[in-house]
Amino acid sequence: MPRSKTGKRGSGKPGSLRQEVLQLQLSTKASLKGAKNGVKGEAAGSDDELMSDVLSHYSSASESTSVLEEGTGSEQVDEQTAQEETEDKLKLCIDNLTDKSAKTRLAALESLRQAFSSRVLYDFLTERRLTISDCLERSLRKGSGEEKAASATVFALLCIQLGGGDEAEEGFKMLRPPLTATLSDSSASIAARQSCARTLGMCCYVSSAEDGEDLIKSLALLESVFMSSYPNGEGVLPTPKPGSAGLHTAALQAWSLLVTICPTSRLTVLLSHHLPKLQACLQSSDVNYRIAVGETIALLVELGREIDEEFEVEDGESLCECLKSLATDGNKHRAKNDRRKQRSIFREVLHYIENEDFTEEKIRFGVENVYIDSWVRRRIYDAFKEILESGVRDHLQFNQLLRDIFGLGPPLILDAAVKGNKISRFEKHLFNSAAFKARTKQRNKVRDKRADVM
């Protein structure tokens, strides 16, 4: 995906400054002449002194301008040097991905993770995407559990960096087989499978939104993972294996991200099949999985109401009673922080199910804001935040992919004058809401097209 290029603002020319100074001093000279009634010799002396002042001021202004220009050039050189040093370090990390030492490879993956999450490197990575993808594929196939987990995360970041165009899709086609193989392998480490689940969801969302076949395959694989937490035929929840709750949470969250781009015909099937089973999973013993289930229920209900304004949850009274219980849970055997987090989330879910009331959240980055005003928007933002971590705000500011998804337009290029004329918070909210609604309409059109494919 092409990136917008930032232009350089032209600096003021020294000649214009000198002319202004000279005109100012000459106008002062004329006023002095009119005000004084001295002899010609005194006037001549005043003229000499005045011209001396002009030349002094002219010289000072010229020196100031030269220093300013010199400082600007120095800053540009420093920035360019820092950029070159960063790229040299990244090249070394890429080379180390094929090192014989597992420790060296892990260190290289961690360095790449930090770099990819904290800044936009589209131009640099576009030229090296095949090399990096090849190295990550090798680590996913042959590396240890820790190396597989790190490789999957780096690949998700690579897809986000490439912007979801042909480059990202090409990489996803290459790494999809080892990702799905690791996720399906019950003998693989839980950490590796969790990372592969998140990466599969994110990369499919970013690079294959228009590909119905990849979308359906990814949904089915993720379903096969978290559906093992569903109640059996007698309505009894299975006893979770150690670490399985974390894997089920990652798979469910990745699945719900992909549900946001499903065609309407597919959504109808998913709603009728999963909503009743997910309601039973609200009784899970793991707090994080319970929360993920509650958020997914709210998301599915929201999508159902988009399809049909009269949409109602099956056995809605029972669901609301369960949500009320979780929203006021005071069981002492649960950690205090877990109880507080659970109560907060389930209060929001309950309010939405009963009243369609969503608690809006504002995310500020730079001089801009993005408003999280729906469960769909929250799931998308949380998915990117989980992978980008603290770098999500930098990517919202400069990554064209995220700006397109959240309806922010091209990255802003602001100078001091523009920063001083900020638009109001209400105007920003209206703009963001309108942009997101426009994008939703466009996605609905794409959903209808994919429905024909499926």
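**Briefing: Ser284 and two helix pairs**

Apart from neighbours within four places in sequence, Ser284 has contacts with Leu237, Tyr289 and Arg290. Ser284 lies in the loop between α10 and α11. The model is a predicted one. In it, the protein has 454 residues and its secondary structure consists of 18 helices and 2 strands.

**The protein as a whole**

- Of the 454 residues in the protein, 45% are buried.
- Among contacts with a separation of 6 or more, 72% are between residues 24 or more positions apart.

- Is Ser284 buried or exposed? Its relative accessible area is 13%, and buried means under 20%, so Ser284 counts as buried.
- The loop that holds Ser284 runs between α10 and α11, the helices of the pair described next.

**Helices α10 and α11**

- Helix α10 covers residues 264-280 and helix α11 covers residues 287-307.
- Their axes come within 10 Å and cross at roughly 145°.
- The crossing of α10 and α11 is left-handed.
- On the α10 side, the contact is made by Thr264, Leu267, Thr268, Leu271, Leu275, Leu278 and Gln279.
- On the α11 side, the contact is made by Val293, Thr296, Ile297, Leu300, Val301, Leu303, Gly304 and Ile307.
- The residues of this contact comprise 10 nonpolar, 5 polar and no charged.

**Helices α5 and α7**

- Helix α5 spans residues 145-162, and helix α7 spans residues 190-207.
- The axes of α5 and α7 are 8 Å apart, and the helices pack at an angle of about 15°.
- Why do α5 and α7 count as roughly parallel? Angles under 35 degrees are classed that way, and the angle between α5 and α7 is about 15°, so the two helices are roughly parallel to each other.
- α5 passes α7 in a crossing that is left-handed.
- From α5, the residues in the contact are Gly145, Lys148, Ala149, Ala152, Thr153, Phe155, Ala156, Cys159 and Ile160.
- From α7, they are Ala191, Ala192, Ser195, Cys196, Thr199, Met202, Cys203 and Val206.
- By type, the contact of α5 with α7 has 12 nonpolar residues, 4 polar and 1 charged.

Technical notes
Residues numbered from 1 in each chain as written. Predicted model: local features only at pLDDT ≥ 70, side-chain atom pairs only at ≥ 80, totals over all residues. Heavy atoms only, no water. Helix = DSSP H or I, 4+ residues; strand = E, 2+ residues; numbered from the N terminus. Buried < 20%, exposed > 50% of the residue type's maximum accessible area, 1.4 Å probe, protein only. Contact = heavy atoms within 4.5 Å. Axes fitted to C-alpha atoms, helices over the stretch in contact; angles between N-to-C directions. Left-handed = near helix turned anticlockwise from the far one by under 90°. Nonpolar A, V, L, I, M, F, W, Y, C, P; charged D, E, K, R; others polar. Parallel < 35°, antiparallel > 145°, perpendicular 65-115°, else oblique.
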